Amino acid sequence: MNKKILSLLKLHLLVIVYSLSTVFSKFAGQQEFLSLKFFVFTFLLFLCLGVYAFFWQKVLSNFNLSVAYANRAADLLWGIILGAVFFAEKITFTKIISVFLVFLGIILVIRSEKTKGDLSNG
């Protein structure tokens, strides 16, 4: 598999971990304050954020900052999917169009960076 595609897959896996932090945050907010479940979900929230922060630094060494941050916007897609799975939230046409536009922007940023790289190397 192409090294760049593998790096993008790792980046999106990391975005999923970041999106899971919002799931644990919502679960924690649904618990009685200072209960055992509240602490478990809060711990999982901080664990996700810690893993994300650690590996985000590693990811930044593989991408231009603009590409990495543009791909981070994919957490909208994962947030919609995770919301539907864990909280039975509806996936609406508006949400689908919004995610499509975000991914179109991500593709434009990646292609723009690729073109810049081709020009500077040629």
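Me: In which helix is the place of L49?
Reply: L49 sits in helix α2. Helices here are DSSP runs of H or I, at least four residues long, numbered from the N terminus. This is a predicted model, where local features need pLDDT of at least 70, side-chain atom pairs count only at pLDDT 80 or more, and totals for chains, interfaces and linings use all residues. Residues are numbered from 1 along each chain as its sequence is written, and side-chain values use heavy atoms, with hydrogens and water left out.

Me: Why is L49 called partly exposed?
Reply: Its relative accessible area is 29%. Buried means under 20%, exposed means over 50%, and partly exposed lies in between (1.4 Å probe, protein chains only). L49 therefore counts as partly exposed.

Me: What does L49 contact, leaving aside neighbours within four places in sequence?
Reply: Y18 and S21. Contact means heavy atoms within 4.5 Å. The C-alpha atoms of L49 and T22 are separated by 9.6 Å, and these residues are 27 apart along the chain.

Me: Why is H12 called buried?
Reply: H12 has a relative accessible area of 17%, so it is buried. This residue is in helix α1. H12 touches N71, A74, W78 and F103, not counting residues up to four places away in sequence.

Me: What makes L108 exposed?
Reply: Its relative accessibility is 55%, so L108 counts as exposed. L108 lies in helix α5 (residues 93-121).

Me: How do you know that the span of α2 is close to the expected one?
Reply: The expected span is 1.5 Å times one less than the number of residues. Helix α2 (residues 36-60) has 25 residues. From first C-alpha to last, α2 reaches 36 Å, close to the 36 Å expected.

Me: Which residues of α2 are buried?
Reply: F38, F41, T42, L45, C48, Y52, W56 and V59. Their cover includes α1 (3-29) and α3 (65-72).

Me: What makes a nonpolar core, and which residues form the largest?
Reply: A nonpolar core is a set of buried Ala, Val, Leu, Ile, Met, Phe, Trp, Tyr and Cys residues, joined through side-chain atoms within 4.5 Å. The largest has 10 residues: V23, F24, F27, A28, F38, F41, L45, C48, L82 and F87. Helices α1, α2 and α4 (75-87) each supply at least two residues of this core. Apart from it lies another core of eight residues, among them L14, Y52, F63 and V67.

Me: What does F38 contact, leaving aside its neighbours within four places in sequence?
Reply: A28, Q31, E32 and F33.
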